[in-house]
Each structure stands twice: as C-alpha cells, then as structure tokens.
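Reader: Hi! Could you walk me through this fold?
Author: Happy to, here is the model.

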Amino acid sequence: MNKSPDGKPNKYDALVVLVVLALAAALGARVWFAPKSPAAELVVSVGNTECERIPFDDTEREYTNNGYTVHLAVTPDGAWVDHADCPTQDCVRTGVISRPGQSIVCLPARIVIAVEGAEESGWDAIAG
Ligand SMILES: [Zn+2]
C-alpha cells in the first residue's frame with residue numbers, strides 16, 4: 001500500500017507539483033485579467049447637469065445643491081453616501097452601489113450618483 005516507503009519524491013510527486021503550480025498560475029492570471037467591474041465609473045449629476053465622473057478609487061466628495069449637502073465615499077469596491085443633511089435620508093439608506101445600472105438618488109438635493117460601465121455581460125455568471 002505504501003508507494004513511497006523511503007519518503008523520496010518520485011516522478012508522480014513532481015507531476016502533482018507541476019499541475020498545482022499550473023493551476024495556481026492560471027487562477028492568478030484569470031484574476032489579473034478579469035477585474036470585476038471593467039472600466040466602471042461613477043457619474044454624478046447635480047440638478048439636471050452631469051458634473052463629474054469618478055473612477056472607483058479611494059476618494060470622497062461633497063456636493064451641495066438646493067440647500068443640502070451630500071457626502072459621497074468611494075472605494076474600489078463601491079460607493080455610498082455616508083452622510084447627508086437632506087430630510088429624507090433616502091440617499092444614505094440606499095447603501096453601497098458598485099455595478100453598472102445602480103444609482104443613488106437624493107431628491108431633496110437633486111443629486112444623482114449612478115454607476116456606468118462597460119458591458120456587464122457574463123461577469124456575474126462567472127463570479128457567482
Ligand atoms: Zn439625500
């Protein structure tokens with residue numbers, strides 16, 4: 001039953017190591033070449049005017065319009081309004097947006113923060 005009584009690596013062990021290394025390399029390459037949100041960015045509109053496009057990097061912004069101030073937090077994983085002085089707080093309750101098509105709307109301040117991006121095809125299915 002014991003294939004390697006002396007514990008020395010044999011050809012089979014070397015093959016296993018090679019396969020594991022190849023799999024690790026393939027997985028690493030896939031992660032490297034397949035970011036989850038290719039070219040997605042935030043589009044901010046104040047009033048009815050698009051005022052800014054923000055990439056998903058660590059940053060923060062503050063927008064004041066119609067007497068209200070909305071504070072936006074941005075990270076590579078998503079963006080959210082962490083505080084605002086509007087009466088409804090809907091924008092704060094919306095939470096994190098990260099995928100194309102999602103948006104945060106602050107009606108009192110008339111501010112819309114939307115995610116726009118390249119094709120969203122397939123990535124969800126691949127990533128689960
Ligand atoms: Zn609001």
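Reader: In what order do the 4 strands of the open sheet come?
Author: The order is β2-β1-β7-β6, with antiparallel pairing. Strands here are DSSP E runs of at least two residues, numbered from the N terminus, and two strands pair if DSSP finds at least two bridges between them. This is a predicted model, where local features need pLDDT of at least 70 and side-chain atom pairs count only at pLDDT 80 or more, while totals for chains, interfaces and linings use all residues. Residues are numbered from 1 along each chain as its sequence is written.

Reader: Which strands stand at the edges?
Author: β2 (49-55) and β6 (103-106); each has a single partner strand, so one side of each lacks a neighbour in the sheet.

Reader: And how many bridges join β1 to β7?
Author: There are 6, between residues 41-46 and residues 111-116, running antiparallel. Ser45 stands opposite Val112 in β7.

Reader: Switching topic, what do β3 and β4 form?
Author: A hairpin with 2 residues between the strands; Asn66 in the turn has a positive phi of about 55 degrees. β3 (residues 59-65) and β4 (residues 68-75) pair antiparallel over 7 bridges, and Arg61 has Leu72 in β4 as its bridge partner.

Reader: Nice. What is Val70 in contact with, leaving aside neighbours within four places in sequence?
Author: Its contacts (C-beta atoms, placed from the backbone, within 7 Å) are Tyr63, Val81, Ala84, Cys91, Cys106, Ala109 and Ile111.

Note on methods
Two residues are in contact if their C-beta atoms, placed from the backbone, lie within 7 Å.
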